[in-house]
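Hi everyone, thanks for having me. Let's look at one model together and talk about what packs inside and where there is open space.

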Amino acid sequence: AGDFAGAIHHFRIAHWRDPRLASATSQLERTRLEVAQLSAQQSAEARRGIDPRSATQVQLQRRLLLADQYLADNKAAEAEAAIKEAEAIDKNEPRIHFLEAKLAVQRSELGSALALLDLYAGLAVSQRDFEEGEKLRSSVEYRIESGRILAHGKLLEEVAGQQFASALDSAASGLKLDNEDPLFLYHSGVEACVLRKCDQAAPLWE
């Protein structure tokens, strides 16, 4: 019915409730790509008249290249500053989201990186740009999946040992890995309440 956000929401719930339900995963990916295709067509149309050799665009590209170089040198703060300068010039430039995703990966904020790559997929005009985003996405998804298994085990071990402060730290770190993981969300709330920080729990459970 064209309610892509609603569709994605329900496919995710279906996947959480039964990770073995292959059709939920495949339909989620199909919907995500369909949204990206429609959004990219609109983005291409909106940016059709931009002259890449104009002074504004040249300045923009220089800052994007500088941010990329900072990321290659593991200089996250400098990269963030360059990205913000680029955003001030043209907040609708697609590559800004790609570089923000790379910055999030460097900071181990993998859940945020995936969300930014979703935005980028919906703005990337050329096939090359789209493929570059998908390549990074595959790497991020692999790191999330492998890291999630280890993080789940560590968290449950700490909970069983009643190491509540450590468990809260582990759950919070897990949310940086995947901010929609049910186990991390649930235990972030539980351990917060155990440590008498119940006001932090309700939003996590919601």
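Let's start with valine 140: leaving out residues up to four places away in sequence, Val140 touches Val105, Leu110, Ala113, Leu114 and Leu117, where contact means heavy atoms within 4.5 Å. This is a predicted model, so local features need pLDDT of at least 70 and side-chain atom pairs count only at pLDDT 80 or more, while totals for chains, interfaces and linings use all residues. Residues are numbered from 1 along each chain as its sequence is written, and side-chain values use heavy atoms, with hydrogens and water left out.

Now, which residues touch the most other members of the largest nonpolar core? They are Leu99, Leu136 and Val140, out of 27 residues. A nonpolar core here is a set of buried Ala, Val, Leu, Ile, Met, Phe, Trp, Tyr and Cys residues joined through side-chain atoms within 4.5 Å, and buried means under 20% relative accessible area (1.4 Å probe, protein chains only). In soluble globular proteins, nonpolar side chains tend to be buried together.

There is also a second, separate core of 6 residues, including Ala151 and Phe184.

On to open space. The largest pocket is lined by 30 residues, and Arg12, His15, Leu28, Leu114 and Arg148 lie nearest its centre. On a 1 Å grid over the protein atoms alone, a pocket is an open set of points where a 1.4 Å probe fits, with protein on both sides within 12 Å along at least five of seven lines; lining residues have an atom within 4 Å of a point.

For the second largest pocket, 18 residues form the lining, and Gln57, Gln61, Leu64, Glu93 and Arg95 are the closest to its centre.

Methods. Buried < 20%, exposed > 50% of the residue type's maximum accessible area, 1.4 Å probe, protein only.
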